[in-house]
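Trainee: Hi! Could you walk me through this one?
Mentor: Happy to. Have a look first, then we'll chat.
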Amino acid sequence: MKPSKILFYVFISLLAFLWLVPVFVLVFTALKSPGDLYSGSLFSLPTKYQWGNFIKAWHQGNLGMYMRNSLLISIIKVPLGIFIAALAAFGLTRMNFKWEKPLYIFIILGMTIPFQACLVPLVIMLKKLHLLNSYVGLTILYLGFGIPFAVLVLYGFFKGIPTELDEAARIDGCSDFRLFSRIILPLALPAISALFILDFLATWNEFLLAQIFLVSDHLKTVPTGIMAFRGQYSTNYTLMMAGVLLSVLPVLIVYIVFQKHFVKGFGGAIKG
């Protein structure tokens, strides 16, 4: 084996080790009792595995309610956002019109605006629309800030699909929507799957907007709920770590289901 390959594998192994150490510490902390945590070192194994920490975190920390809220927002926002972005990318790449490039640039410019700079006008707007402290208002904000990136990815992928397919479909009598739903979307499944992973992860982990626009405790999402859980159990890190591990499970499941399309999807998007 070439020395360059050996160095590459050593470097990758070191990166993997550095990434796994905090994960192991998190898992072992979640399985310790408070006595084990404070009497032993950070890297020591539990003397007795406390599987009950996960049950306590679920019930005492209201994680079930927070995860239900996050899941409700995610399963509505993520597919809806990808569908809207796919329609926009289809129009920009398959329907030739004069203002295609300027409109595409205008949409992408949305990625350059930090949402922190828009918080005050957004609060005023949602208050006037009576959408503060509601999932509808928060979902609209998530859609507005998430669609430009989705359009960027799908635009590149749709550009890579040969236009000869469009011509053949139209000869067979396909309408624009049938072309979009029967041909373009199935071919773009890798990019859509990759987007689904990233968008679900971003929506599930989003904190600032949920913290500001959702005030009621029964509406809080996982990140804001974890913060409240941390305040409630500020000295009991074992329960807090168990709660963090439980909150990661839905994202992990989504990634496992869609991961085979992830690299392929973004490879096609970049190439296009």
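Mentor: Let's start with a term: patches are made of residues with over 30% relative accessible area and no salt bridge, with nonpolar side chains (Val, Leu, Ile, Met, Phe, Trp, Tyr) joined within 5 Å and like charges within 9 Å. Areas come from the Shrake-Rupley method with a 1.4 Å probe, and only the protein chains shown count as cover for residues. A salt bridge puts a side-chain nitrogen of Lys or Arg within 4 Å of a carboxyl oxygen of Asp or Glu.
Mentor: This is a predicted model, where local features need pLDDT of at least 70, side-chain atom pairs need 80 or more, and totals for chains, interfaces and linings use all residues. Residues are numbered from 1 along each chain as its sequence is written, and side-chain values use heavy atoms, leaving out hydrogens and water.
Trainee: So which residues make the nonpolar surface patch?
Mentor: Leu-71, Leu-72, Ile-75, Ile-76, Leu-80, Phe-83, Ile-84, Leu-87 and Phe-177 make this patch of about 760 Å².
Trainee: Which helix gives the largest share?
Mentor: Helix α4 (residues 63-94), with eight residues; helices here are DSSP runs (H or I, at least four residues), numbered from the N terminus. Leu-72 sits in α4.
Trainee: New topic: at what angle do α9 and α10 cross?
Mentor: Roughly 65 degrees, and the axes of α9 (residues 176-187) and α10 (residues 189-205) come within 5 Å. Axes are lines fitted to C-alpha atoms, for helices over the stretch in contact, and angles run from 0 to 180 degrees between N-to-C directions. That makes α9 roughly perpendicular to α10 (65 to 115 degrees; under 35 is roughly parallel, over 145 roughly antiparallel, the rest oblique).
Trainee: Which residues make the contact?
Mentor: Leu-185, Pro-186 and Leu-187 of α9, with Leu-189, Pro-190 and Ile-192 of α10; contact means heavy atoms within 4.5 Å.

Note on methods: Helices (H or I, at least four residues) and strands (E, at least two) are DSSP runs, numbered from the N terminus.
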